[in-house]
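Biologist: I'd like to learn how to read a model like this one. Could you take me through it, feature by feature?

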Amino acid sequence: MTLPPHRVSGRVAGVVWLTLCGIWGSTWLAIKLGLRDLPPITFAGIRFALAGAVLFAIIWLRGISLPRSRRDWILLGYTGLLTITINYALVFWGEQYISSGLAALLSATVPLFGLPLAHRYLQTEPLTSWKVAGVLLGLLGVAIIFSGELGIGGPLAFSASVGIIIAALATAHAGVLIKAGGTHIEPSVLAGVQMVGGCVPLLFAGIALEGSPLRFHWTPLAIATLTYLTIVGSVIAFLMYYWLIRHTEVSRVLMIPLVTPLIAVLFGVFFAGETIGWHTAIGGAAIIGGVALTVVP
């Protein structure tokens, strides 16, 4: 006997949501490790150039058509600039000066921007009192952790933290715009076009500021982190991300950054020697509580 479609869809969405949390929780450490040998802007650009190439190979093999309307291409170009160029330039640069766990925690500000934007652009996703309470509780947890961790990365830590918050704003804006006007576009096309378009400014800026990639320190660790970020953290994760945007509320998708910091902190502890203080413990509990209020029906 088969389950009703809506129940199957709900279970699948839950598995995809949890898996994506795990993947994006691990990418913060992968970025941090890769930055030991690779400069940030070009590192990000190469990641998405390779991921975009893989996605376009998938598009070609599956015979998927690219968008034909000018409106779709403008949407893809703009959201690619937000999601890939601005977001990851700031994230990769910022992780040079703060811990991977703190970087992930700062990304939890995405719902702060995303929910009001969803309320404005999407009539089906009103800003309810439960959602507001959940986000505020989650952000309180981020603030608690922030108060204990900020400054560890040195004099540039504040600028790096502000940069990642700006990256969160860009991510939230792009997610809502895709939900409002791009859900008819195939997820692999969405991610592939955004990556290919968004990586171009990164590559040009990286070569101008950081030199030729042929002269980089291509250690086994650098190659391993680039491969993981390309295949798992980009191709697989972005396909999951846009599948969720098409099949669930964008506000629920925007709650992922409230879970990934906890996973990122655990990865940092076990694999990079980062420590967990009482700020992280209390703040983490508040984040989980906020997720429960906003995600659980």
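Modeller: Gladly! Helices (H or I, at least four residues) and strands (E, at least two) are DSSP runs, numbered from the N terminus. In this protein chain there are 12 helices and zero strands. This is a predicted model, where local features need pLDDT of at least 70, side-chain atom pairs count only at pLDDT 80 or more, and totals for chains, interfaces and linings use all residues. Residues are numbered from 1 along each chain as its sequence is written, and side-chain values use heavy atoms, with hydrogens and water left out.

Biologist: How many residues of the protein chain count as buried?

Modeller: Buried means under 20% relative accessible area, exposed over 50%, and partly exposed in between (1.4 Å probe, protein chains only). Of the 297 residues of the protein chain, 53% count as buried. In helix 11, the buried residues are Thr260, Pro261, Leu262, Ala264, Val265 and Gly268.

Biologist: What span should helix 11 have?

Modeller: The expected span of a helix is 1.5 Å times one less than its number of residues. Helix 11 (residues 260-272) has 13 residues and should span 18 Å; its end C-alpha atoms lie 17 Å apart, which agrees. Helix 2 (residues 40-62), with 23 residues, reaches 33 Å from first C-alpha to last, close to the 33 Å expected.

Biologist: Which residue just after helix 2 takes a positive phi?

Modeller: That is Gly63, at about 65 degrees. Just after helix 11, Gly273 also has a positive phi, of about 75 degrees.

Biologist: How many salt bridges does a search of the whole structure find?

Modeller: A salt bridge is a side-chain nitrogen of Lys or Arg within 4 Å of a carboxyl oxygen of Asp or Glu. The search finds one, between the side chains of Glu186 and Arg62 (3.5 Å, N to O). Glu186 sits in the loop between helix 7 and helix 8 (187-210) and Arg62 in helix 2, so the pair ties together parts 124 residues apart in sequence. Glu186 is partly exposed, with a relative accessible area of 25%, while Arg62 is exposed, at 52%.

Biologist: Which residues make the nonpolar surface patch?

Modeller: Patches are made of residues with over 30% relative accessible area and no salt bridge: like charges are joined within 9 Å, nonpolar side chains (Val, Leu, Ile, Met, Phe, Trp, Tyr) within 5 Å. Here Tyr78, Leu81, Ile86, Phe158, Val162 and Ile166 form a patch of about 520 Å². Helix 3 (70-94) and helix 7 (157-181) are the elements that give two or more residues to this patch.

Definitions and conventions. Accessible areas come from the Shrake-Rupley method with a 1.4 Å probe; for residues, only the protein chains shown count as cover.
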